[in-house]
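Please work through the following exercises with the sequence and the model open side by side. Each one sets a task and is followed by a solution in steps.

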Amino acid sequence: MNDSIHRTGLFQAAEQFIGLCYAELNRTGEEVQSRISDIRSQIERTGTYEHTLEELTHGAKMAWRNSNRCIGRLFWDRLKVIDARHLTETSDIFSALLHHIESATNGGKIIPTITIFRAARPEEAPLMIKNHQLIRYAGYETPDGTIGDPASITFTKECMEMGWQGDLTAHDVLPLVVQQGNEPPEWLPIPKSSVLEVCLEHPDLPALKEEGLKWYGVPLISDMLLEIGGITYTAAPFNGWYMGTEIGARNLADEARYNKLPLIAKLMGLETSSEATLWRDRALVELNVAVLYSYKKAGVSIVDHHSAAAQFGLFERREAQAGRELTGDWSWLIPPVSPATTHIFHASYHNDMRSPNFHYRNKGQLIPADHAKH
């Protein structure tokens, strides 16, 4: 891209963001114009600009609020923002990632958190966290089938090529992998004491406990890009807490993942020779019951899909009161279990992309999160 075109586009994005951000922060028009003038000077001098801590903090919250696929946006203004832009040593970056895991986990009382590392700069290879999630189970291809998470097979191979070795179990936690620019990626194992896991049991199916199913407590997305006012943060891991169906209807239930519906059906004594018995549906519900029951028993934050939909309804009303048009991706907002029992199923949403926002990463390019394949 032509440098002058890049600078013009960056300034326009910055100007738009500052206008929105400062209005929400109740700043004066004079403060807005002074900041825009300062940003213009920075861009003319360096080709980029730096956010203040206040801009970074509110911008990250706005990005969550604008995330069309997220049903949990009611809590957008409670996001804890950790500024790690000053870190340059890989060892310090690893320490910050471990701190994020431990502080966000908070003994099970999960705190929505984002840690933001340095922004991408013109003509520089960016900082990248190679993990899809900071905590994720490995997947191994063996002659007897896949062990662990099939979604992790490729990344697991990459980790093993770097020298990492797992225990070849269904729940080996992958290491953290960080790459600084064009330097070779480096990895660090996550201490077991830092990973909160929940062993699954069912209030009416005691045999499930013997199967050894478990899942980690906190979903920490780490491979998305955060864009605020035209500035891209290529390493900005963030988390909320799980909606039960993410685990019980997808991670553990999908045939391409842990595929546990046949096991649940067997434990329930269901007839599986005919689809007309709806054994999949019945097993799916009970697997989700087990997830919610187990997390609540363990004292780990989680929300069921009916409560999450009700919270989203409150978010919709609050956005209307604030005079903001709500955007959303209907196909992602509806839960994968009993979607027609929620108001979201019967509603429609404009799937427009707003800035600030999170984007998928694809060979270093920005891919709008609501249009990329998943």
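How many aromatic pairs does the count come to? The model is a predicted one, in which local features need pLDDT of at least 70 and side-chain atom pairs count only at pLDDT 80 or more, whereas totals for chains, interfaces and linings use all residues. Residues are numbered from 1 along each chain as its sequence is written, and side-chain values use heavy atoms, with hydrogens and water left out.

**Exercise 1. Aromatic pairs**

Task: count the ring pairs, then describe two of them.

Solution. Begin with the rule, by which rings of Phe, Tyr and Trp (its six-membered ring) pair if their centres lie within 6.5 Å, planes under 30 degrees apart being stacked, those over 60 edge-to-face and the rest tilted. The count by this rule is 10 aromatic pairs. One of them joins Y216 and Y242, a tilted pair with 6.2 Å from centre to centre and 45° between the planes. Y216 belongs to strand β9 (residues 214–216) and Y242 to strand β14 (residues 242–243), so this pair ties together parts that are 26 residues apart in sequence; helices (H or I, at least four residues) and strands (E, at least two) are DSSP runs, numbered from the N terminus.

Next, consider accessibility, where buried means under 20% relative accessible area, exposed over 50% and partly exposed in between (1.4 Å probe, protein chains only). Y216 is buried at 0%, and Y242 is buried at 2%.

The second pair, F312 with F315, is also tilted, at 5.8 Å centre to centre and with 40° between the planes. Both residues lie in helix α9 (residues 305–321), 3 residues apart, which is about one turn of the helix. F312 is buried with a relative accessible area of 0%, while F315 counts as buried at 2%.

Finally, ring pairs link Y137, W215, Y216, Y242 and Y258 into a cluster.

**Exercise 2. Charged residues and their surroundings**

Task: which ring faces do R27 and R65 lie over, and what is R324 in contact with?

Solution. A charge sits over a ring if NZ of Lys or CZ of Arg is within 6 Å of the ring centre and within 35 degrees of the ring normal. R27 lies over the face of Y22, 5.0 Å from the ring centre, and R65 lies over the face of W76, 4.6 Å from the ring centre.

R324 is found in the loop between α9 and α10 (330–333), and at 25% relative accessibility R324 counts as partly exposed. Contact means heavy atoms within 4.5 Å; leaving aside neighbours within four places in sequence, R324 is in contact with E24, R65, W76 and E319. The side chains of R324 and E319 are joined by a polar contact of 2.8 Å, a term for a pair of N or O atoms within 3.5 Å where, within protein, one must be able to donate a hydrogen and the other to accept it, and residues adjacent in sequence count only if both atoms are side-chain atoms.

E55 lies in helix α3 (residues 53–65) and counts as buried at 0% relative accessibility. Leaving aside neighbours within four places in sequence, E55 is in contact with F17, I18, C21, Y22, R35 and E50.

**Exercise 3. The open sheet**

Task: in what order do the 4 strands of the open sheet stand?

Solution. The order is β1-β2-β13-β10, with mixed pairing, where two strands pair if DSSP finds at least two bridges between them. β1 (80–84) and β10 (220–221) stand at the edges, each with a single partner strand, so one side of each is left without a neighbour in the sheet.
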